[in-house]
Amino acid sequence: MNAKTPSRTQLMQWINETSFAVDDLLLYLDSHPDDEQALDCYREYVRMRKDAVNEYARCYAPLTIDTADEQKDCSWQWVSQPWPWEKKGGCR
């Protein structure tokens, strides 16, 4: 991600992309457990995903319980945000 704070949509897209890469690499590693290059790549994507999830929590709202403390003073405000089905283009 770049130096300026990405939009909520951009950051969520990056989280989705890195999450997909982590899942895909895990599937590969299930059948190739000795592939050190793939394992290094997996670790790098896990780190990038973790950084992105922490950044999202810091800037917007926690996505997971383990990032709830990233917002310190307002960590429970996430409950007052719109649910996915309440947003335009959501699950309607």
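Me: Which residues is Thr18 in contact with, once its neighbours within four places in sequence are left aside?

Reply: In this predicted model, Thr18 is in contact with Tyr45, Met48 and Arg49 when those neighbours are set aside, and contact here requires heavy atoms within 4.5 Å. Thr18 itself has its place in helix 1, which covers residues 8-31.

Me: Why does Thr18 count as buried?

Reply: The relative accessibility of Thr18 is 0%, and buried means under 20%, so Thr18 counts as buried.

Me: What makes Ala21 and Ile15 buried as well?

Reply: Ala21, which is also found in helix 1, has a relative accessibility of 15%; the limit for buried is under 20%, and Ala21 therefore counts as buried. Ile15, another residue that lies in helix 1, has a relative accessible area of 3% and is therefore buried by that rule.

Me: Why are helix 1 and helix 2 called roughly antiparallel?

Reply: Helix 1 and helix 2, the latter being residues 36-59, pack at an angle of about 155°, with their axes 9 Å apart. Angles over 145 degrees count as roughly antiparallel, and the two helices are therefore described in that way. Helix 1 passes helix 2 in a left-handed crossing, and the contact between them has 20 nonpolar, 2 polar and 3 charged residues.

Me: Why is Asp35 called partly exposed?

Reply: Asp35 has a relative accessibility of 24%; buried would need a value under 20% and exposed a value over 50%, so Asp35 falls in between and counts as partly exposed. Asp35 lies in the loop between helix 1 and helix 2, and, apart from residues up to four places away in sequence, Asp35 touches Tyr28 and Leu29.

Me: How many aromatic pairs does a search of the whole structure find, and what makes the pair of Tyr56 and Tyr60 tilted?

Reply: The search finds 1 aromatic pair. Tyr56 and Tyr60 have ring centres 5.3 Å apart and an angle of 50° between the planes. Ring centres within 6.5 Å form a pair, planes under 30 degrees apart count as stacked and planes over 60 as edge-to-face, so the rest, such as this one, are tilted. Both Tyr56 and Tyr60 are buried.

Me: What do the totals for the protein come to, in secondary structure, buried residues and contacts?

Reply: The secondary structure comes to 2 helices and 0 strands, and buried residues make up 25% of the 92 residues in the protein. Of the contacts with a separation of 6 or more, 40% are accounted for by residues 24 or more positions apart.

Conventions
Residues are numbered from 1 along each chain as its sequence is written. This is a predicted model: local features need pLDDT of at least 70, side-chain atom pairs count only at pLDDT 80 or more; totals for chains, interfaces and linings use all residues. Side-chain values use heavy atoms; hydrogens and water are left out. Helices (H or I, at least four residues) and strands (E, at least two) are DSSP runs, numbered from the N terminus. Buried means under 20% relative accessible area, exposed over 50%, partly exposed in between (1.4 Å probe, protein chains only). Axes are lines fitted to C-alpha atoms, for helices over the stretch in contact, and angles run from 0 to 180 degrees between N-to-C directions. Angles under 35 degrees count as roughly parallel, over 145 as roughly antiparallel, 65 to 115 as roughly perpendicular and the rest as oblique. A crossing is left-handed if the near helix is turned anticlockwise from the far one by less than a right angle, and right-handed if clockwise. Ala, Val, Leu, Ile, Met, Phe, Trp, Tyr, Cys and Pro count as nonpolar, Asp, Glu, Lys and Arg as charged, and the others, Gly among them, as polar. Rings of Phe, Tyr and Trp (its six-membered ring) pair if their centres lie within 6.5 Å; planes under 30 degrees apart count as stacked, over 60 as edge-to-face and the rest as tilted.
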